[in-house]
Every structure is written in structure tokens, then in C-alpha cells.
Amino acid sequence: LSASTSFTITVESAATLTEVIRINSGGGNIQFGNEVWTADQFFTGGSSSTYTTSTAISNTANDILYQSERYGDISYSIPVPQAGEYTVELHFAEIYFQSAGSRIFNINVENGQYTLPNVDLYKDHGGTFNAAVIKAESIQVNDGILNIDLTPLINNAKISGIAVFKQSAMDTAETVTIASLSPSNLTINKGPKLSNFDSMVLYPNPVQKSFSLKLKINQSSQWKFVLYSIAGEATPLLSYNFEEGIQTVNFDLYPFNLIPGIYHLLITNNLNERKTIKLIIEDKLSTY
């Protein structure tokens, strides 16, 4: 059976990001491809000095960004152009400590809209000199200032860079009706008729003393089973009235004293269906 149905498709585009600012925390202005990273600004707290290294940084091509850091108990208050939702990328690399648990700190973006406690850069992001980016999305800013707090728990908090992007509203495409369904236009198409023989199984074959036949009955009906020798001699076996469903019939050949050889089992019913199955009898069945 098949039927037409009705549904709608609403297509939404992913939010687009417009760059607001990139900050090289602990360092000066840098250019990386099309990215312009401004010198460190908009921060309060932390150490009066910064820290840098010349060691290459893994997991990035922008090594210079991660080779400087601002560290301590740090807050950033970054101006944004308008109220709305923002995505914030926080860039880190452990460039000082060389064991897990040496530096642990908390991250809080815009008064708890995004929090990440117990950050251990060495443990969580591949050890020393390995770049990592932590992203906070859909941060709602209403006062024109995006606040980021890095609070130390063990030794100093730190950061290598911050990128801020304005999120655009999602665009919704027109809703389109693909098809309609109602009692007045419902159409049912009949597929090919299922045969009662489609799932029939006869076992065992060759046969010695008995065999079984399993089949799925699609409609209540009357069935006859007749066994024919190659000489054309008929041996009626059984007649059944089957109800709909899976049925199993057991045939005992002992009473018929049949000789070994090739036989054909003819199966018929009152639905004008018929099927012949070749059956091989291996031994004389005069005794058990």
C-alpha cells in the first residue's frame, strides 16, 4: 500500500560571522594571512609583564600568536559595535609549565553565559607548546562590552589571543508545501499480489520418515497435499483448513510404505494457487 502525504520544509542558513576584533594577548600587532591581530588591549589585572618564547608551536601555522601570553588574574572588557549575539574564540598554548596540574584556572565569558572550570592546558590540550582554541557561541551582549574573566586556581591563568565575531540572525527560507493529503484525494495503489508460497520452506529434503512444511498464509483457505511418484501414482497426504498467519504442517510417511525415489508434492488451495515441490525419499519406510 502507498499513500501521498503532506509536509513542509523550512530551510535555515547557519549564522554568519562578521569579525569584530582579533587581539594578540601579550604581544604586538601581527599579520597572519588575511587575519590582522592587534596589539594586546582592553585588559585589566594580571602581571605587569608578559611572557614570550621562541619555541615552535604544534597544531597551528600561526606560531607567533601562541608564542606570547598575558598571565595572572586577568579580565578583558572588549567593546562591541551593537547589542546582539557574539562568538568568542579563546586561543591558548601552555608555553611555560611541563606537567599536568601545574596551571589550573577558570574561564567565564559575559557573566556566566559560558563557563569552563578547572582548565589544565597541559593535561587537556596535548602538553607543552601545543595550540588550542576554545569557542564560546551565541553570547548575548546588551551593554556594548564583552567581558571575559580568567581566574587562577593553581599558579597563573593565561591567554594567547582573543577573536570576537558578530553573529548574524539566521535567514529562514520560504516554507514550501511538497504534497497534500486529505480523505478526498487519498489514493491507495495495490502492489503485486503476495503468494502464499513466497515464504514456503520444506525440510528436510531428502526425506527418510517424515518432513515438515512451513508457510505464511495470507488469507484463510483450504489446502490439499498430494504426493506423486515418477510413474504418476498419487498418494493423498493431508487436507487442511488454514487461518491467516504462519503455519507449520508435519507429514508422517510411515503409513504409506513408499519406496525410495523421486516424488513430486502437489500443493493446491481454493484460491486457485498451486505449487509442485520435488521430494526425494531415501529409505524404505516399512519399519521405524
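Which side chain of opposite charge is nearest to E110, and how far away is it?

Modeller: First, the ground rules. This is a predicted model, with residues numbered from 1 along each chain as its sequence is written, local features needing pLDDT of at least 70, side-chain atom pairs counting only at pLDDT 80 or more, and totals for chains, interfaces and linings using all residues. Side-chain values use heavy atoms, without hydrogens or water.

The nearest side chain of opposite charge to E110 is K166, 13 Å away. Lys and Arg count as positive, Asp and Glu as negative; His and the chain ends are not counted. E110 is buried and has no salt bridge. Buried means under 20% relative accessible area, exposed over 50%, and partly exposed in between (1.4 Å probe, protein chains only). A salt bridge needs a side-chain nitrogen of Lys or Arg within 4 Å of a carboxyl oxygen of Asp or Glu. E110 sits in the loop between β10 (104-109) and β11 (114-119). Strands are DSSP runs of E, at least two residues, numbered from the N terminus. Beyond four places in sequence, the contacts of E110 (heavy atoms within 4.5 Å) are I139, Q140, V141, D143, I145, L146 and N147.

K166 belongs to strand β15 (residues 161-167). K166 is also buried without a salt bridge. For K166, the nearest side chain of opposite charge is E85, at 7.4 Å. E85 is among the residues K166 touches, as are Q82, A83, G84 and Y86, with neighbours up to four places away left out. T16, L17, T18 and V20 are on that list too.

Now the paired charges. Side chains of opposite charge can pair when their charged atoms come close. The structure has 5 salt bridges. E69 pairs with K158, with the closest N and O atoms 2.7 Å apart. E69 lies in strand β7 and K158 in strand β14 (residues 157-159), so this pair ties together parts 89 residues apart in sequence. E69 is buried at 3% relative accessibility, and K158 is buried at 0%.

D40 and R70 form another salt bridge, at 2.6 Å, N to O. This pair links distant parts of the chain, 30 residues apart: D40 is in the loop between β4 (35-39) and β5 (43-45), R70 in strand β7 (residues 68-72). D40 is buried at 15%; R70 is buried at 7%.

E19 and R22 meet at 3.1 Å, N to O. E19 is partly exposed, at 40% relative accessible area, whereas R22 is buried at 9%.

Notes:
Helix = DSSP H or I, 4+ residues; strand = E, 2+ residues; numbered from the N terminus.
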